[in-house]
Amino acid sequence: MSIKHEKWMAEHGFSYENERVKETRYKIFKDNVMHIERHNKKGEHTYQLGINKFADLTNEEFLAKYARSSVPSFKATSNQSSFEYKGMKHVPHRLDWRNYNVVTAIENQVVNQGECGCCWAFSAVAAIESIVAIRSGKLTQLSEQHILDCNYEHDGCDGGTIDHAFEFVRKNGGLASDIDYPYTAIQGKCSNNKPSSLSINITGFSAVPPNNEKALLKTVANQPIAVYIDASTLRFYKSGVLTGKCGTRLNHGVVIVGYGKEDGVKFWLVKNSWGTGWGENGYIKLKRKVHAKEGMCGIAMIPVYPNV
């Protein structure tokens, strides 16, 4: 186990300030690795866990650093009368928006979210990138940092909401590209004179009727959408369809980019902001059509999408 720890440190470029800290982190690492190995050894799950860059953190430390989305300020309504996709009768059996060149590649992002708790901005930007690409035929990687530095609600690395990100882009009249305004993983001084990269500005956002996976499916069939989830059990996810126990304490923003079925289990395909070293090259499959109306990890509770 000590050798595993040393190799893991070298792989991720980690070092500790002194031997006492290293010993503390090693104990946490050992407990986490034993948990991962026990899970995988059982062979009775639809998903596998893996050792990743979070392996020397407690779950509390992990959530404090990487899952800092706040509860949104708007009230989602269950009234479907204004839901624009309510009349859609047929949806594809499976869909992966990555196949249509409307989802930016995670590996193209030089950095991921890092220790800045701005998953809310990554989720909103991914949804905007996709709907703009669907409408214009041009996929552009946009700037999370622009929102992080300049949003009017002062949401930052300590948390924020997806709707605030959408509102900033609407009021600002667009959003800079990631090339013009690159991500630094810290909130900095606003430089709002960057040229807009949006050929189509968003007009606002809409909420999918909450706790309704049918409505969620209809929406994803038309565009990738931003959602809030409970990330408490996702830290070591590696592959497969996540099933089993998962809470509904919404603390993380991600984006659904498709859905499908694997080994008889229906799933949502979700793009995350923790880099390609986590999950299936940065993606996770969450079980779809679960018994709880909130959906797996609360994915159906407050889905939102940008309007153009």
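**Helix crossing and cysteines: group meeting talk**

Okay, so let's start with two helices: the axes of H1, residues 2-12, and H2, residues 19-42, come within 10 Å and cross at roughly 105 degrees. That makes H1 roughly perpendicular to H2. On the H1 side the contact uses Ser2, Lys4, His5, Glu6, Trp8 and Met9, and H2 brings Lys22, Tyr26, Phe29, Val33 and Glu37. Sort those residues and you get five nonpolar, two polar and four charged. Keep in mind that this is a predicted model.

Now, the cysteines. There are three disulfides here, and with the bonded cysteines numbered in sequence order, the pairing goes 1-3, 2-4, 5-6.

Cys116 is joined to Cys157, S to S 2.0 Å, and that link is left-handed, with -95 degrees about the S-S bond. Cys116 sits in the loop between strand S2 and H4, while Cys157 is in the loop between H5 and H6, 41 residues apart.

Next, Cys150 pairs with Cys190 at 2.1 Å, right-handed at 105 degrees. Cys150 is buried at 8% relative accessible area, whereas Cys190 is partly exposed at 35%.

Then Cys246 and Cys297, sulfurs 1.9 Å apart. The S-S torsion is about 110 degrees, so this one is right-handed.

Cys119 is in no disulfide either, with the nearest cysteine sulfur, in Cys118, 7.3 Å away. Cys118 is buried at 0%, and Cys119 is buried at 0% too.

Last thing, H4, residues 119-136: 15 of its 18 residues are buried, so the helix is largely enclosed by the rest of the structure. Just after H4, Gly137 takes a positive phi of about 80 degrees.

Conventions:
Residues numbered from 1 in each chain as written. Predicted model: local features only at pLDDT ≥ 70, side-chain atom pairs only at ≥ 80, totals over all residues. Heavy atoms only, no water. Helix = DSSP H or I, 4+ residues; strand = E, 2+ residues; numbered from the N terminus. Expected span 1.5 Å × (residues − 1). Buried < 20%, exposed > 50% of the residue type's maximum accessible area, 1.4 Å probe, protein only. Axes fitted to C-alpha atoms, helices over the stretch in contact; angles between N-to-C directions. Parallel < 35°, antiparallel > 145°, perpendicular 65-115°, else oblique. Contact = heavy atoms within 4.5 Å. Nonpolar A, V, L, I, M, F, W, Y, C, P; charged D, E, K, R; others polar. Disulfide = S-S within 2.5 Å.
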